Amino acid sequence: MKPQVKKLSLVIPVYNEARHLKDWCEEFFAFKFPLETEFIFVNDASTDGSLAILEEYASRPGVKLLNQSVNQGKGAALARGLSETTGDVVLIQDADFEYSLKDIPTVIAPIIAGEADVVFGSRYKNSQTVHRTFHYAVNRALTSERRLQNAARR
């Protein structure tokens, strides 16, 4: 039996994205999502004006803006955003131009069709320009550095 998928929840962590955030938001809110959509922005104590930009969009239908007063990292921002979702499908979308909004319908299509319970996208699959080992090493180093910074704050 095909599940009734009616609502998409997008969790968008934001930290110091002001440089391009307004342009990204304009493109983001102009996009036609395939389902009713809620937008959960989690500002992770940005210091560059990102919060003020997000506040311009906070009154739009379906928008929830959560503000963390202390920077806790992307994982904590995601956990907070995920705890606020009410949709049948949940997707994480960064507030920059790294991931194409055009991919969203393709990513969630198997869930809507009842063919999958979860779908993982990959920026590495079929890529001719991304070197997996390099990105893995850089991501591990950044994650380790963030853990050390958080531990030092405690």
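1. A charge sits over a ring if NZ of Lys or CZ of Arg is within 6 Å of the ring centre and within 35 degrees of the ring normal. Arg60 does this with Phe29: its charged end lies over that ring, 4.8 Å from the centre. Keep in mind throughout that this is a predicted model.

2. Overall architecture. The chain has 5 helices and 4 strands. In sequence order they give β-α-β-α-β-α-β-α-α. The chain has 154 residues, and buried ones make up 34% of them.

3. The 4 strands form an open sheet with parallel pairing, in the order β3-β2-β1-β4. β3 (63–68) and β4 (89–92) are at the edges; each has a single partner strand, so one side of each lacks a neighbour in the sheet. From one strand to the next, the twist averages 20°.

4. Strand pairing. Strands of a sheet pair through backbone hydrogen bonds, either parallel or antiparallel. Here β1 and β2 run parallel to each other over 8 bridges. Leu8 has Thr37 in β2 as its bridge partner. Strand β2 (residues 36–44) also pairs with β3, again in the parallel sense, over 6 bridges. There, Val42 is bridged to Leu66 of β3.

5. Helices on the sheet. Helix α1 (residues 18–30) packs on the sheet and touches β1 (7–14), β2 and β3. The direction of α1 makes about 165° with that of β2. Helix α2 (residues 50–57) lies across β1, β2 and β3. Helix α2 runs at about 160° to β3.

6. Strand β1. How many of the residues of β1 are buried? The count is 8 of 8, so the strand is mostly covered by the under 20% cut-off on relative accessible area. In a regular strand the side chains alternate between the two faces of the sheet. In β1, Lys7, Ser9, Val11 and Pro13 point one way. Leu8, Leu10, Ile12 and Val14 point the other way. Both sets are buried, Lys7 included.

7. Aromatic pairs. The chain contains 11 aromatic pairs. One of them joins Phe28 and Phe41, edge-to-face, at 6.1 Å centre to centre and with 75° between the planes. This pair links distant parts of the chain: Phe28 belongs to helix α1 and Phe41 to strand β2, 13 residues apart. Why do these two residues count as buried? The cut-off is under 20% relative accessible area. Phe28 is buried because its relative accessibility is 0%, and Phe41 because its own is 2%.

8. A second ring for Phe41. The rings of Phe29 and Phe41 have centres 6.2 Å apart and planes at 40°, so this pair is tilted. Phe29 is in helix α1 and Phe41 in strand β2, 12 residues apart, and this pair too links distant parts of the chain. At 17% relative accessibility, Phe29 counts as buried. Phe29 is also the residue whose ring lies under the charged end of Arg60.

9. The aromatic cluster. Which residues do ring pairs link into a cluster? They are Trp24, Phe28, Phe29, Phe31, Phe33, Phe39, Phe41 and Tyr57. The Phe28–Phe41 pair is edge-to-face, whereas the Phe29–Phe41 pair is tilted.

Methods
Residues are numbered from 1 along each chain as its sequence is written. This is a predicted model: local features need pLDDT of at least 70, side-chain atom pairs count only at pLDDT 80 or more; totals for chains, interfaces and linings use all residues. Side-chain values use heavy atoms; hydrogens and water are left out. Two strands pair if DSSP finds at least two bridges between them. Helices (H or I, at least four residues) and strands (E, at least two) are DSSP runs, numbered from the N terminus. Axes are lines fitted to C-alpha atoms, for helices over the stretch in contact, and angles run from 0 to 180 degrees between N-to-C directions. Contact means heavy atoms within 4.5 Å. Buried means under 20% relative accessible area, exposed over 50%, partly exposed in between (1.4 Å probe, protein chains only). Rings of Phe, Tyr and Trp (its six-membered ring) pair if their centres lie within 6.5 Å; planes under 30 degrees apart count as stacked, over 60 as edge-to-face and the rest as tilted.
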